[in-house]
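Subject: Structure handover

Hello,

Here is the structure I said I would pass on. My notes follow below it.

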Amino acid sequence: MKASAARAFGELVDLPVVVGVDGSEPSLRAVEWAADEAALRGASLRLVYASLWERYEGMSLAHDLGKPSEEVMADDIVETAERRARQRQPGVKVTTDVLPEEAEYGLIRESRGALAMVLGCRGRSGVTEALLGSVSLTVAGHAHCPVIVLRGSHDNRIRSEAPGRIVLGVAGKPADSAALRFAVEEALLRGVTLEAVRAWRRPLHEPRAHPLITGEPAHFEEALAAELVESALVAVPAGLQVRRRTIEGFPRDALLAVSREADLLVVGARRRHGHFGLQLGRVAHGVLHHAACPVAVVPESG
């Protein structure tokens, strides 16, 4: 119940996993993570560097190559990334390309022909893994495929040593959700639990439930949240271990809390035709900035 089951559920097609590389250590960790992802899915790996990307932070690549930083060129960046990928997963087919354009535009265009896109988390002004860099944020908000950003203190392991889980943030309209399909595929491929989470909030005028009330949801909002979780999981394969969870509080805060024990947090992002602004809701925007695990943003139509 791994690749074959995931393909049966998600109808995966023969597309590559794409990684945006820029020579920084976070992007090289993303290469290794993506190589594992490609191996799980039986997919190829495509490494792309946009030559107009801002200069990479740090001296790690120059040190590895034994060159001064000013002599590190685009070919060095993609060749180093390719070497990392082949060392990590020798059986995965790897291709590379240098795009003569700004990173945001090049990566969004690449997403049209990608199974998924993986990006390292790199902030500006030396703030690493604090606030998300503008390239990753823009790509996550406009890509045509799922975008996985390696948030938090995660290293390059696609799976932790402890029993893992894929966490899905259940949205208000979960029927036929692309985020759900992606989360199920990931859980099946990794052989881990899928945890579906929905937050709920008590109206300000409503008093707290009496402590003797047990066994049933104490509030209409809590019951509604539980119903939404159940409806989201109707089509989940029977062999997949699933955990249902409702949490009182704001959605962003609830997902950030559960991200501390997750291998991957999956959220949906609506794509609105004719809308050219950043197409990320507050929840997706918040978890991309602050989650303690990798975050997958999956585009939803409508």
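S27 is found in helix α2, which covers residues 25-41. Please keep in mind throughout that this is a predicted model. S27 has a relative accessible area of 3% and is therefore buried, since buried means under 20%. Its side chain makes a polar contact of 3.1 Å with the side chain of D22. Setting aside residues up to four places away in sequence, S27 touches V19, G20, V21 and D22.

V19 also turns up in the core. The largest nonpolar core has 48 residues, and those touching the most other members are V19, L45, V118, L194 and V266. Helix α7, residues 178-190, gives the most to this core, with eight residues. A second core of 39 residues is separate, and L137, V197, A199 and I247 are included in it. As background, nonpolar side chains in soluble globular proteins tend to be buried together.

A85 leads on to helix α4, where A85 is one of the buried residues. An α-helix has 3.6 residues a turn, so residues three or four places apart point the same way. Does the length of α4 agree or disagree with what its residue count predicts? Helix α4 runs over residues 74-88, and its 15 residues should span 21 Å at 1.5 Å a residue. The end C-alpha atoms are 21 Å apart, so the two agree.

Next, the loop between α9 (251-258) and β9 (264-271), which holds S259. E261 is found in this loop as well. E261 counts as exposed, because its relative accessibility is 55% and exposed means over 50%.

S259 and C293 are 34 residues apart along the chain, while their C-alpha atoms are separated by 5.7 Å. Leaving out neighbours within four places in sequence, the contacts of S259 are L265, A291, A292 and C293. E261 and A292 are 31 residues apart in sequence, with 8.2 Å between their C-alpha atoms.

On the cysteines, C293 is buried, with a relative accessible area of 0%. C145 counts as buried too, at 3% relative accessibility. How many disulfides are there? The count comes to zero, going by the rule that a pair of cysteine sulfur atoms must lie within 2.5 Å.

Last, the overall figures:

- The secondary structure comes to ten helices and ten strands.
- The protein has 302 residues, and buried residues make up 51% of them.
- Taking contacts between residues at least 6 apart in sequence, 78% join residues at least 24 apart.
- The protein exposes about 14200 Å², and carbon and sulfur atoms supply 53% of that area.

Regards

Key. Residues are numbered from 1 along each chain as its sequence is written. This is a predicted model: local features need pLDDT of at least 70, side-chain atom pairs count only at pLDDT 80 or more; totals for chains, interfaces and linings use all residues. Side-chain values use heavy atoms; hydrogens and water are left out. Helices (H or I, at least four residues) and strands (E, at least two) are DSSP runs, numbered from the N terminus. Buried means under 20% relative accessible area, exposed over 50%, partly exposed in between (1.4 Å probe, protein chains only). A polar contact is a pair of N or O atoms within 3.5 Å; within protein, one must be able to donate a hydrogen and the other to accept it, and residues adjacent in sequence count only if both atoms are side-chain atoms. Contact means heavy atoms within 4.5 Å. A nonpolar core is a set of buried Ala, Val, Leu, Ile, Met, Phe, Trp, Tyr and Cys residues joined through side-chain atoms within 4.5 Å. Accessible areas come from the Shrake-Rupley method with a 1.4 Å probe; for residues, only the protein chains shown count as cover. The expected span of a helix is 1.5 Å times one less than its number of residues.
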